[in-house]
Amino acid sequence: MSEPPVSNSVFSWTDLDRKTVDTVRVLAADSVQKVGNGHPGTAMSLAPVATLLFQKHLRHDPSDPKWVGRDRFVLSPGHSSLTLYIQLFLSGYGLELADLQAFRTWGSLTPGHPEHGHTTGVETTTGPLGQGLANAVGMAMAARYERGLFDADAAPGESPFDHTIYAIASDGDLEEGVTSEASSIAGTQKLGNLVVIYDDNHISIEGDTKIAFTEDVIKRYEAYGWHTQVVEWTTPNGYVEDVEALHKAILAAEQETDRPSIIRLRTIIGWPAPKLQGTEKAHGSALGADEVAATKVILGFDPEKTFEVPEAVLPHAREAVARGAAAHTAWNEGYEAWRAANPQRAADFDRIQARALPAGWDEKLPVFPAGKDVATRKASEAAIQAIAEQLPEFWGGSADLAGSNNTTIKGGLSFLPYYEEGGEFGGSSPYGRILHFGIREHAMGSILNGIALHGNTRAFGGTFLQFADYMRPAVRLAAMMNAPVTYVWTHDSIGLGEDGPTHQPVEHYAALRAIPGFDFVRPADANETVAAWKAALEQHGPVGLALTRQNVPTFDHDALGSALSAFEGVKRGGYVLAEATGGAPKVILIGSGSEVQLAVDARERLEADGIPTRVVSMPCFEWFDGQEAEYRESVLPAAVKARVAVEAGIAQSWYRFTGDNGRIVSLEHFGASADYKKLYSEFGITAEAVEAAARESLESAEA
């Protein structure tokens, strides 16, 4: 069922196939030449590779780009976006010649790098090198977990959930450290559903890669545990695009189900441009009118014409539509048989595919009694456990910090390529739900993106908040793609104590809040933490949970006069946790995370002195900003000018809430190594400091 379209066919590569490839080269050169910038060379040399994949290997249906049974294709060198766009045009995904003519221009469907959600057929946003290959590893992991959820007992190749992840990678991708991390994980996981074609063209922007990249990549991947092959198109007799040799290598990779596969393909960038082939000038700029014309002559095209598509080429390439429909129909037979034999799993699949939550899923979420001190990482652990019991699609783990992040799903099995009983985590299975990323935060972020983009599961990954710096490129891309990933970042402040400034996040809150489309949540207590998990699962997009190592008090909402429950308040991003008594508030204290308790303590001092004081818990700026203006005004009324924000990090994020008369109790320098209580005291992050700041703000507002 999972066999590619030509696996049982005699290979053929006709003159029309070759003409299709040459058309791809001409379209790539013309597209870049028209806009005046871009990367034509790789798209030209990869033309036979991409055409072979889309026409003869990928199981895909251009009329249904979201078909769950499709293979996935990832173009990791996103700068060569035309490699993908031209195949989407030729294969019938809805792109037309006008879209190629509008390459890299305002409002086009063909931006400089492929963007998931913007162009039909683009599986992931690629551009920062290495991210795509790491995403592909995540997709391969998700495909295996999906199979385990719905059809674990099927024989290999016989499940409707068996499919292959194909990726093209470049020299640049393999130079980036994230691919080393992700490829190591892929080898450990024995991801036999992953096939990577490495375009070894020896060229980067600065020239020949010998100046910076000389290792034997194939030996490196052998050490990772990959199945490796080499296809040489540079021969003693010149450059020979032996497509059949590549085809056979891909077949061998598809048949290798116990290891991920990489094929090193030696190409010449910009082939067959007569002067610029094999040079860095073909990599990142237009070839120039004369070179484009000369290339067209070599390929048998009219040098006076632009965007020429020979009459027979488009119908030939768009036979992919009929082949895709036939493959889809054949797949449906097995899929419907599976549904008939597995009605409960089919019902689960329908719900999970729709990203719906089961009725009553949240009824068993933990509720923590007021007055008990609980670290929010521990509250998160309880929430994870309760969620896992209700959502089989929910899985995740940590970058070697499970015991500190509290991210282990108790009773679950580790996601590993073998079955094992016992062990530290209670055993393993190829379909286990406990992920072990090792000390690889960057790859973890990128793999989580791939898992989310693959669909049909919900994944989370944990590390210390300080190491969000290692993950930032992936987090940024998750926000750009609106990928539903949950990050569990513990040890979220100087409250982690003795590990010292290297591990104490100070600037991280502001830096993460600065990412558009990313929701950064810093809950104040155990119940807010559970509420944050609930809110994260009920919305679409990436969420980062910043959680404490140290215990913090659990608030009594009734005693404080809270306007909302923790669940409703957190969902809104900010809410009145403690209302002023004795009249309208004269000062508002705003905080997030472990510092909210300081605001609550300062309120008691101020109210004892006859100053009506409101405390606002602000766990998520982004969710608060998304509320209607009337609600935001009800929480932070404009008439109350005296305000104080408190957070054990830099103040940058808070000024828009405090205004001209407000004050901020913050930390504008790195931390130190000591007990956390000592650090808060020495650095002036205290209830007394909040009280003093409130009095200053009142004086300023009344002046």
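## Strand β18 and its partners

Strand β16 (residues 486–490) pairs with β18 in the parallel sense, over 4 bridges. The model is predicted. Within this pairing, V488 has L545 of β18 as its bridge partner.

Strand β17 (residues 519–521) also pairs with β18 in the parallel sense, here over 3 bridges. L545 in β18 is the bridge partner of V521. From β17 the chain runs through helix α20 (residues 526–538) to reach β18. This β-α-β crossover is right-handed.

## Burial of β18

Is β18 covered on one face or on both? Both faces of the strand, which spans residues 543–546, are covered. V543 and L545 lie on one side, and both are buried.

## Nonpolar cores

The largest nonpolar core holds 71 residues. Which members touch the most others? They are M141, L174, L194, I447, Y487, W489 and F518. Helix α6 (residues 131–151) gives this core its largest share, 11 residues.

A second core is separate and has 54 residues. Its members include F11, Y85, I86 and F103.

## Around L194

L194 is one of the residues that touch the most other members of the largest core. What does L194 touch, leaving out residues up to four places away in sequence? Its contacts are A136, V137, A140, I165, A186, W226, P260 and S261.

Technical notes
Residues numbered from 1 in each chain as written. Predicted model: local features only at pLDDT ≥ 70, side-chain atom pairs only at ≥ 80, totals over all residues. Heavy atoms only, no water. Buried < 20%, exposed > 50% of the residue type's maximum accessible area, 1.4 Å probe, protein only. Helix = DSSP H or I, 4+ residues; strand = E, 2+ residues; numbered from the N terminus. Pairing = 2+ DSSP bridges. Right-handed = clockwise from strand over helix to strand, strands pointing away. Core = buried A, V, L, I, M, F, W, Y, C linked by side-chain atoms within 4.5 Å. Contact = heavy atoms within 4.5 Å.
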